[in-house]
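Subject: Structure handover, with notes on charged side chains

Dear colleague,

Please find below the structure I promised to pass on to you. My notes come after it, and I would be glad if you read them alongside the coordinates.

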Amino acid sequence: MLIHRIAEYGQLKNPFETQPVPLHPAKVTVWCGVTESFIIGPYFFEETGALGPVTVTVTDQLYECLLRNHVIPALKQRGYVDRIIFMQDGAPPHIGNPVKQLLKRHFGNARIISGHFPTVWPSRSPDLNPCDFWLWGYLKDVFSTPIAHLAELKARIEQHILNVTPETLRSVVEHAVSRFQLVAENVGQHIEHVLHQSREI
């Protein structure tokens with residue numbers, strides 16, 4: 001917390017009294033996984049502080065723990081571990097050694113698209129990731145009315161995820177597949193211009 005002096009006199013009995021204010025605005029860090037029939041998550045990266053949950057920075061240890069304790073069991077429960085291609089960008093927590101070992105053990109190199117794997121996630125390509133080209137935009141609707149506190153924000157995110165229909169997910173994954181096909185047709189080059197042209201038609 002940043003401590004600063006209240007500059008306006010009259011707000012407090014003692015004009016030289018200080019009050020703690022957050023250095024940064026309150027926020028959540030959320031992870032979701034998208035398949036053609038369900039969403040895994042949301043999972044919030046946080047720890048319990050003296051005043052309740054506190055958002056934490058994602059590390060490879062936290063990410064590996066999320067995968068091991070939540071994501072992979074959820075995929076196993078639905079019989080998906082052997083059926084999916086696991087895609088993730090090359091963010092540092094995604095490519096730590098414990099994470100890579102866990103992913104290899106469950107998906108093998110052939111079914112992982114990520115940095116530091118044989119099939120590398122193309123850099124600067126959010127247009128390929130359903131979370132980037134659809135989910136995060138969809139979730140921005142949680143801000144359509146004011147939010148009083150982080151618990152309310154988290155509840156709204158959870159409800160929005162629950163409201164997603166299987167038909168929507170199928171459509172999103174079909175769009176992702178067509179985007180990969182466009183990348184192949186364009187010999188691995190960026191496809192934003194092609195996507196932009198197709199929206200204009």
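This is a predicted model: local features need pLDDT of at least 70, side-chain atom pairs count only at pLDDT 80 or more; totals for chains, interfaces and linings use all residues.

Residues are numbered from 1 along each chain as its sequence is written, and side-chain values use heavy atoms, with hydrogens and water left out.

The structure holds 5 salt bridges, a salt bridge being a side-chain nitrogen of Lys or Arg within 4 Å of a carboxyl oxygen of Asp or Glu. One of them joins the side chains of Glu46 and Lys154, at 2.8 Å from N to O. This pair links distant parts of the chain, since Glu46 belongs to strand 5 and Lys154 to helix 4 (residues 150–162), 108 residues apart; helices (H or I, at least four residues) and strands (E, at least two) are DSSP runs, numbered from the N terminus. Glu46 is partly exposed at 31% relative accessibility, whereas Lys154 is buried at 15% (buried means under 20% relative accessible area, exposed over 50%, and partly exposed in between, with a 1.4 Å probe and protein chains only).

Strand 5 (residues 46–49) runs antiparallel to strand 6 (residues 52–55), with 4 bridges between them (two strands pair if DSSP finds at least two bridges). A hairpin of 2 residues connects strand 5 to strand 6, and Glu46 stands opposite Thr55.

Two further salt bridges lie within helices. In helix 1 (residues 60–77), Arg68 and Glu64 are 4 residues apart and so separated by about one helical turn, and their closest N and O atoms are 2.9 Å apart. In helix 4, Glu152 and Arg156 are likewise 4 residues apart, about one helical turn, and their side chains meet at 2.7 Å, N to O.

Arg111, found in the loop between helix 2 (97–107) and strand 8 (112–113), is buried yet has no salt bridge, the nearest side chain of opposite charge, Asp82, being 4.2 Å away (Lys and Arg count as positive and Asp and Glu as negative, with His and the chain ends not counted). The side chain of Arg111 does reach the backbone oxygen of Ile84 at 2.6 Å, and a polar atom of that side chain lies 3.5 Å from the backbone oxygen of Phe107.

Methods
A polar contact is a pair of N or O atoms within 3.5 Å; within protein, one must be able to donate a hydrogen and the other to accept it, and residues adjacent in sequence count only if both atoms are side-chain atoms.
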